[in-house]
Amino acid sequence: MAQKRSGRKSPRRKRPTKQQQHTLSWVGALFVVFASLAFFRLGIVGTVFANVFRLVVGDSFLVVSAGMILMGIWFLFADRLPKLARHVWVGLAIILICALVLLSAGTMTTLNVNSHYLLATWRLLQNDFGLMTTASSVGGGLIGAGLYALLAPLLSSIGATILAWLGIVVGTLAFLGVGANQVFNWLQRCGQACKHGVMQVQAAVAAMKKERAQKAAAQQKKPFLRSHRQLRRSPKTKHPVKHLITRMISRLTGRHRFTNRRNRLPCHAQNLSRSQLRLRHNLSLVKRHLDLMQTILPRIISCPILTC
């Protein structure tokens, strides 16, 4: 017969739980300690760590050490990697590499070094390690010097610098998450806007030229009296005041042939107002006095009594 099972259940054995290792927390603590020593250059140890950072990233060791401090603090408190998109890491890496190339290019140009960039950078770092100082400029470290030594013979120093600046622009766009299609669309919109602006400027210039031409044609067709200053500047006019008065009188009295070339109407056919008639009478009197003075003055001057 089958043995009856007892109603009591045997207690289950507890599985041993795995202890958390906190690997990232330890890494964060090391980052904070070493980067703080390098950033503040505390004593001989801090100077050594600073030169180690300078050996890799050159004069940008302060920025890199500050970033490592922040990363270490994150590891200490979160115990995990920061959840950032891939384009952010890619953009930061491109910006850092291109900045190292620019630093090396500036340092080599200042020191007037045209070849053996890696060797020149290593000698500068070796001197700083020996003197326990961080005073000299080492550019972008061995990474920047190596990349500059690769690009300078191929593109020249100016070409390498331009390429590095373009890389910084590309890294910034990648960091912000701007795609290539967005950049091309923006460039096309800029080109269309520039084209529209040029067309507007051309249209404005053409309208100004047309308006000037119309004004010049209207001034040629319409009879007018020149000012006293223009008459003085004219070399053909000997007596500008008399000529001006004569022109005004001839216009009011209708002695000139036509006033409007389109309609071909004589001036005396137009009805004159009282003020115009009064002005014509006054101007005619002025002209008579001027003519009289012009005829009498030469005779008075040529009189033999006055000449004696």
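**Close-up views of a predicted model**

**View 1. The largest pocket and its lining.** In this predicted model, 16 residues line the largest pocket. Val63, Val64, Gly67, Leu92 and Leu96 are the lining residues nearest the pocket centre. The space inside amounts to about 560 Å³. Helix 3 (61–78) contributes at least two lining residues, and so does helix 4 (86–111). Sorted by class, the lining holds 14 nonpolar and 2 polar residues.

**View 2. Helix 2 against helix 3.** Helix 2 spans residues 43–57. The axes of helix 2 and helix 3 approach within 9 Å. Their crossing angle is roughly 110 degrees. Angles of 65 to 115 degrees count as roughly perpendicular, so helix 2 is roughly perpendicular to helix 3.

**View 3. Residues at the contact of helix 2 with helix 3.** From helix 2 come Ala50, Phe53, Arg54 and Val57. They meet Phe61, Val64 and Met68 of helix 3. By class, this contact has 6 nonpolar residues, 1 charged residue and no polar ones.

**View 4. The aromatic pair Phe31 and Phe75.** The model has 4 aromatic pairs, one of them formed by Phe31 and Phe75. Their ring centres lie 6.3 Å apart. The ring planes stand at 40 degrees, so this pair is tilted. Phe31 belongs to helix 1 (residues 23–40) and Phe75 to helix 3. The pair therefore ties together parts that are 44 residues apart in sequence.

Note on methods
Residues numbered from 1 in each chain as written. Predicted model: local features only at pLDDT ≥ 70, side-chain atom pairs only at ≥ 80, totals over all residues. Heavy atoms only, no water. 1 Å grid on protein atoms, 1.4 Å probe; cavity = no way out; pocket = protein on both sides within 12 Å on 5 of 7 lines; lining within 4 Å. Points joined across faces, edges and corners; volume = space filled by probe spheres on them. Helix = DSSP H or I, 4+ residues; strand = E, 2+ residues; numbered from the N terminus. Nonpolar A, V, L, I, M, F, W, Y, C, P; charged D, E, K, R; others polar. Axes fitted to C-alpha atoms, helices over the stretch in contact; angles between N-to-C directions. Parallel < 35°, antiparallel > 145°, perpendicular 65-115°, else oblique. Contact = heavy atoms within 4.5 Å. Phe/Tyr/Trp six-rings, centres within 6.5 Å; stacked < 30°, edge-to-face > 60°.
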